[in-house]
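Good morning, and thank you for coming.

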Amino acid sequence: MWPQTLEEVKKRFEPSPDRHIRDKANFMIYHKQEKRPIGIVGLDEINWVSRIANLFALIGELEHWGKGIAVEACALVIKYGFTELNLHKIDAGIFSPNQRSLRAAEKLGFEKEAIIKEEIYIDGKYHDNHEFSLLKRDWLEKNKL
Amino acid sequence: MTDTHPFTFIQGDTIDFVPLNSEHINLYVKWENSPTVRIYSRNIIPNTIEDMKRFFKPSERGLKKEINFEIWHKKDKKPIGFGEIADIDWYGQKAYLGLIIGEPEYWGQKIGEEATKLMVEYAFNELNIYKLQAHINTANMGSWRCAEKNGFIREATLKKDSYVNGKYLDTYVYSLFKDDWLQLKKEKQSE
């Protein structure tokens, strides 16, 4: 929403205080053939008691949009979340102008739970937030695991 | 009907679980140092009032690694011990149970059994823990029997694991899984 300085981005690399339980697991998306980072993906707002987390993904290099890379990255993180972190449910919020992400969510097996009306102001207009979710048991069934 | 503590957190029949109370710190230190009590809880270094004060430091943000309670005797209206859920592994959904009845005149009255039951329920139903463990030395028969009464299984024996009164003693590792506990509850209900 506003310019990010190098210092602000660096802040995200500060280690969490001692004994603190981490509530996120972030990854860089590394393009194997081109040997360079092209985006980030991860789980944040992890609630360890209820075992629910929020999924996000960002392909920062525009020439890699539309190639299914975000879907592949999300699929890997979803598998990680369910099989390594033992999450019960993964949520994702997508704003209505982002058609590509809405399609990606459906491809990944997410179900739309709710539409939160006029939740974000982008480019002079309000847009809805589509709340998606994926339960572990549905994911297991879909992937025949 | 017995009276309720003003800060009751978990309600039992004979006892309640209540927050630690800094005004009872002398009592806590007494229990930690008492020759009769400490033998079983393996406190081999004296505990000072300052040591105990660490429990009253304002807690860090986020999830706690250990949760402590005072055990309050409802009829006698006094604290008699404490319970803890310790070393909580939020990633792996595991934790250890610890329990001290600091007043020996309350031993042998099944209070430990009730306290264990209440802590188990809390850990499984509120904290969503999957596996509970307790390390109990072989001489501490009261403790391991109250674990067994609550469905804990002796999972392992750690050989010569603690040095008590001039002798090495084994430690039993007891554990209880949420699934097995739910099954036990179901069986008890249908009896």
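By a nonpolar core I shall mean a set of buried Ala, Val, Leu, Ile, Met, Phe, Trp, Tyr and Cys residues joined through C-beta atoms within 7 Å. Please bear in mind that this is a predicted model.

Let us start with the core. The largest nonpolar core has 62 residues. The residues with the most contacts inside this core are A:L55, A:C74 and A:I78 from chain A, together with B:I71 and B:A123 from chain B. Which helix gives the largest share of this core? That is helix α4 of chain B, residues 111-125, with 7 residues. As for B:A123, if we set aside its neighbours within four places in sequence, its contacts are B:I85, B:A95, B:I129 and B:L132.

I turn now to chain A. Its secondary structure consists of 4 helices and 6 strands, and along the sequence these follow the pattern α-β-β-β-α-β-α-β-β-α. The C-alpha trace of chain A spans about 40 × 40 × 35 Å along its principal axes. Why do we call the radius of gyration of chain A, 16 Å, in agreement with a compact globule? Because a compact globule of 145 residues would have a value near 15 Å, and the 16 Å of chain A agrees with that. Of the 145 residues in chain A, 21% count as buried. Among the contacts in chain A with a separation of 6 or more, 46% are between residues 24 or more positions apart.

The 6 strands of chain A form an open sheet with mixed pairing, in the order β1-β2-β3-β4-β6-β5. Its edge strands are β1 (25-31) and β5 (111-122), each of which pairs on one side only. From one strand to the next, the twist averages 25°. Within this sheet, β2 (residues 36-47) and β3 (residues 52-59) of chain A run antiparallel and are joined by 7 bridges; one bridge pairs A:N47 with A:I52 in β3(A).

Helix α2 (residues 69-83) lies across β1, β2, β3, β4 and β6 of chain A, at about 155° to β3(A). Helix α3 (residues 99-107) packs on the sheet and touches β4 and β6 of chain A, its direction making about 155° with that of β4(A).

Next, chain B. Here 8 strands form an open sheet, again with mixed pairing, and their order is β1-β2-β3-β4-β5-β6-β8-β7. The edge strands of the chain B sheet are β1 (10-11) and β7 (153-164). Two hairpins deserve attention. In the hairpin of β3(B) and β4(B), there are 4 residues between the strands, and B:K77 in the turn has a positive phi of about 50°. These two strands pair in the antiparallel sense over 7 bridges, with B:E70 opposite B:F82 in β4(B). The hairpin of β4(B) and β5(B) has 4 residues between its strands, and there B:Q93 takes a positive phi near 60°. Strands β4(B) and β5(B) pair antiparallel over 7 bridges, and B:I85, one of the contacts of B:A123, stands opposite B:L97 in β5(B).

Helix α4(B) lies across β1, β2, β3, β4, β5, β6 and β8 of chain B, at about 155° to β5(B).

Finally, how many residues of chain A are in contact with chain B? There are 9, and they contact 9 residues of chain B. On the chain A side, these divide into 4 nonpolar, 3 polar and 2 charged.

How values were computed:
Residues are numbered from 1 along each chain as its sequence is written. Chains are lettered from A and ligands numbered from 1 in the order in which they are written. This is a predicted model: local features need pLDDT of at least 70, side-chain atom pairs count only at pLDDT 80 or more; totals for chains, interfaces and linings use all residues. A residue is buried if 20 or more other C-beta atoms lie within 10 Å of its own, exposed if 12 or fewer, and partly exposed in between; C-beta atoms are placed from the backbone. Two residues are in contact if their C-beta atoms, placed from the backbone, lie within 7 Å. The radius of gyration is taken over C-alpha atoms; the globule rule is 2.2 Å times the number of residues to the power 0.38. Two strands pair if DSSP finds at least two bridges between them. Axes are lines fitted to C-alpha atoms, for helices over the stretch in contact, and angles run from 0 to 180 degrees between N-to-C directions. Ala, Val, Leu, Ile, Met, Phe, Trp, Tyr, Cys and Pro count as nonpolar, Asp, Glu, Lys and Arg as charged, and the others, Gly among them, as polar.
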